[in-house]
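Let's walk through this structure together, starting with a ligand and then moving on to a pair of helices.

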Amino acid sequence: MSRIIDNNQSSLSSDKITKITLSKILLLAWQPFFLLIISEIILQLVSIMISFYIKEIFDAAVTGNTDILIAKAPLFIILVCGIFPFNTWLSYIRAMFVKKSSTILKQRYLKRVFNKNINEFQSSGIAGYINDITNNANTLEERYFQQMTVVIMSVTAFFGSLAIIISINWQTLIFVVPCLGIILFSMYKTGNLLKKPEQKKASYLEEYTRYAKESLSAFRIVKSFQLEKRIIRDFNQRSKNVQDKGYEIEKRATYLQAMNQFISGAVVLFCLLIGVRAVTAGTVSIGVLFVLIIAVSNLIHPILMLSEVLPPIRSVEPIFEKMEQHLKNQQVQKIKKPYPGLEQQISLTNVSFDYPDIPVLKNANAKFKKGGKYLIIGPSGSGKSTILRLLRKYFNPDHGQIMIDDSQLNEIDTDSYYQKLSNIEQNIFIFDDTIRNNITLFQNVSEEKLKSVITAAGLDNLLNSRTNGLDDILINNGAELSGGEKARIAIARGLLAEADIMLLDEPFASLDDETAQKIEQKLLQLSNITILNVSHVVFNTTKNLYDDILLVKNGQIYTKSEK
Ligand code: ADP
Ligand code: MG
């Protein structure tokens, strides 16, 4: 309420730092990332040593050389046994890497959401962000970070096997390299087959989430107008779109895998035939042939793995780009003047403002003097809340000027302005925390001051009814509080903020008349603070305490004398 989280100034710098690609997230999780690479390399080095031992032990067994057998056996056994715990360690590191990178992705997303300009955040709707941080973040975890561990494993295994082949019998490469070329070419060609359906699936999923959120938000209306059937039908259609695309992707992926496996089987068989001929001709030993066949299939296997994981990895890039697009502020703000506090007056001069296709203000004028108390009234939809939104810098006027003393409001730095702006809005957010923290909004406040604010806001009764008083925990956006109690918390927040401008948007709507008037009187007694109170109720007892009453109607703002 009192401090809105938005800072146009920092959105400038944040957009500069955060233009990144998905691969940079890997570098942000650099510790497990490099640990994983190093561990995979160690595994390959051990595998190379084991291959050499296998070759020698095999040849020794064939020639009946027991001395070599006995000499080589112990170290061979130790290495082979060591592989098992090492693989467990690798699984652990892989999981750690996935967890870390996924956490970084989500944390970074949330941080940037709070860097959005308020107007841009509101115009794009909340469901898109929820979809990003749930569905899309999970897709990225499954299809990018997890698959990335397969890429690291495959690449190191490929080079490990290549090293074995080169050192044992490099001529084998003459047959193997062209076959690899064929496999890589088919991989490249088929990779694109999955990209389009993946993109389509992501957009269906977003639509599905959006619809789910909207239809559940409208729960009461759906029930009371018996719209369940219609909602469920639309829901099923959206769900089916997602499932169908998922099925199409699976089908294509299975086909691609089968084809790649066939090609690799053919390559191994081909090498085996040539190898057997070479053994018969006496050019290579059986041990060499044995190790080479293993190495060739270990060379092809990683390539196949890559052919399975690269398409999903490539296909999620657009999802990440879309997430980035959601986070980007279209209007990048210039560095602004810090707000020194209100000296004389706030003025609106010929202010016009339209929402898309909805004209609201047309050449409206008003003046609010420092320390003045103003009541703003007018028919529903006339633009009262919009005036407050303009003063809160959610939007800029289309024409005309809003001045704070001698400065234009849109040239004033938002952070420092919000520090002196107290906001009491209709939608009151209650944190899952103590009543105390909900009032102080986690700032340090003296007990004395807190007490006086609680009394002024009429919260004493609520606190007395609570077993733990101020330390009682509120949950679920204050579900157990009445609208009036929530409004009082908001008013207490507003009173605590050391503000010089207080904007109230129908704060008393959910209070009984008596309480409303009491609180209103308290507020109007505050000196040194300029108060703009939008209200549809005017009490005879309080109306004379205002310096002026303004009427908003037909796009204009009239003062009492003009009405
Ligand atoms: P009041 O507070 O006087 O009831 P508002 O200032 O909230 O009225 O709204 C003025 C007009 O602008 C209304 O017609 C309302 O429907 C429309 N409006 C308000 N907010 C938006 C918005 N975010 N997008 C489009 N139209 C809006
Ligand atoms: Mg309103």
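Which polar backbone atom is 2.7 Å from an oxygen atom of ligand 1? The atom belongs to glycine 381, and the pair is a polar contact (N or O atoms within 3.5 Å). An oxygen atom of ligand 1 also has a backbone N or O atom of glycine 383 at 3.0 Å. From the side chains, arginine 389 places a polar atom 3.4 Å from a nitrogen atom of ligand 1. On its own, ligand 1 has 560 Å² of accessible area, and the protein covers 63% of that (Shrake-Rupley method, 1.4 Å probe).

Before going further, please note that this is a predicted model, in which local features need pLDDT of at least 70 and side-chain atom pairs count only at pLDDT 80 or more, while totals for chains, interfaces and linings use all residues. Residues are numbered from 1 along each chain as its sequence is written, chains are lettered from A and ligands numbered from 1 in the order written, and side-chain values use heavy atoms, leaving out hydrogens and water.

Now look at the shell around ligand 1, where you will find Tyr355, Pro379, Lys384 and Thr386 among the residues (a heavy atom within 4 Å). By type, the shell holds four nonpolar, six polar and two charged residues, with Gly counted as polar.

Finally, turn to helix 15 (residues 447-456) and helix 17 (residues 483-496), which pack with axes 9 Å apart at an angle of about 135°. That angle makes helix 15 oblique to helix 17, and their crossing is right-handed.

Key. Polar contact = N/O pair within 3.5 Å; in protein donor to acceptor, adjacent residues only side chain to side chain. Axes fitted to C-alpha atoms, helices over the stretch in contact; angles between N-to-C directions. Helix = DSSP H or I, 4+ residues; strand = E, 2+ residues; numbered from the N terminus. Parallel < 35°, antiparallel > 145°, perpendicular 65-115°, else oblique. Left-handed = near helix turned anticlockwise from the far one by under 90°.
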